[in-house]
Amino acid sequence: MSSDDTPTGVDYPFPFDELVVELARSALRHLWILSPRLDRSVFDNTELTQALGDLARDSRQTEIRILIQDPRGLVAQGHRLLQLARRIPSRVIIHRLEHHPEWRGQTAVIRDRDGLLFKPGDSETEAFYYPNSRVAVQSQQELFEDLWRYSAPDPDLRSLSI
């Protein structure tokens, strides 16, 4: 694959939401999502849930990690990705990170080692898309890994068996 380190500017939440689905459909091994609240307008749709479900069932090496800051909306109002994580907990993992000085509220979707959608934390509508850039992905992967180490499963996100 060739590298294209020049981002395409995209609007958030639309068409950012369509590009998230595109990244999920094209993922081979993993998709990581970093989002303060897992915004409903972007992440709570049938197409994304289907693409991630297909990816999760595709291989034992598949890894879908979702890192959020505030799970209250997911639990109180429901969310398709929360339902998916409850159905396939070994492949779709949601963790909570309350606070970390390196996380400034940005949203990032990282596909494998070369696809990235990124919205800075200080932006309401401006985002960037790197469809094929290992360079752009590397720094976001390193940040995600660091944040993941400080995160933990949230008991409120677990499925209740009655």
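The axes of helix H1 (residues 16-26) and helix H3 (residues 46-58) come within 8 Å and cross at roughly 15°. This is a predicted model. Angles under 35 degrees count as roughly parallel, so H1 and H3 are roughly parallel to each other.

**The H1 and H3 pair**

- H1 passes H3 in a left-handed crossing.
- On the H1 side, the contact is made by Val-20, Val-21, Ala-24 and Arg-25.
- On the H3 side, Glu-47, Leu-48, Ala-51, Leu-52 and Leu-55 take part.
- The residues of this contact divide into seven nonpolar, no polar and two charged.

**The nonpolar cores**

- The largest nonpolar core has 35 residues.
- The residues with the most contacts inside this core are Phe-16, Ile-33, Phe-43, Leu-52, Ile-66, Leu-81 and Leu-117.
- Four helices, H1, H2 (40-43), H3 and H5 (80-87), each give two or more residues to this core.
- Strands E2 (30-34), E3 (63-68), E4 (92-96) and E7 (126-130) also each give two or more.
- H1 supplies the largest share of this core, six residues.
- Leaving aside neighbours within four places in sequence, Ile-66 is in contact with Ile-33, Leu-38, Leu-81, Val-92, Ile-93, Ile-94, His-95 and Trp-148.
- Another core, of 16 residues, lies apart from the largest one. Trp-103, Tyr-130, Val-137 and Phe-144 are among its residues.

**Thr-49, a buried residue**

- Thr-49 is found in helix H3.
- Its relative accessibility is 11%. Buried means under 20%, so Thr-49 counts as buried.
- Beyond neighbours within four places in sequence, Thr-49 is in contact with Arg-80, Leu-81, Leu-84 and Arg-87.

**Glu-126, a partly exposed residue**

- Glu-126 has its place in strand E7.
- Its relative accessibility is 47%. Partly exposed lies between the 20% limit for buried and the 50% limit for exposed, so Glu-126 counts as partly exposed.
- Glu-126 and Tyr-12 are 114 residues apart in sequence. In space, they are 5.8 Å apart, C-alpha to C-alpha.
- Setting aside neighbours within four places in sequence, Glu-126 is in contact with Val-10, Lys-119 and Pro-120.

How values were computed:
Residues are numbered from 1 along each chain as its sequence is written. This is a predicted model: local features need pLDDT of at least 70, side-chain atom pairs count only at pLDDT 80 or more; totals for chains, interfaces and linings use all residues. Side-chain values use heavy atoms; hydrogens and water are left out. Axes are lines fitted to C-alpha atoms, for helices over the stretch in contact, and angles run from 0 to 180 degrees between N-to-C directions. Angles under 35 degrees count as roughly parallel, over 145 as roughly antiparallel, 65 to 115 as roughly perpendicular and the rest as oblique. A crossing is left-handed if the near helix is turned anticlockwise from the far one by less than a right angle, and right-handed if clockwise. Contact means heavy atoms within 4.5 Å. Ala, Val, Leu, Ile, Met, Phe, Trp, Tyr, Cys and Pro count as nonpolar, Asp, Glu, Lys and Arg as charged, and the others, Gly among them, as polar. A nonpolar core is a set of buried Ala, Val, Leu, Ile, Met, Phe, Trp, Tyr and Cys residues joined through side-chain atoms within 4.5 Å. Buried means under 20% relative accessible area, exposed over 50%, partly exposed in between (1.4 Å probe, protein chains only).
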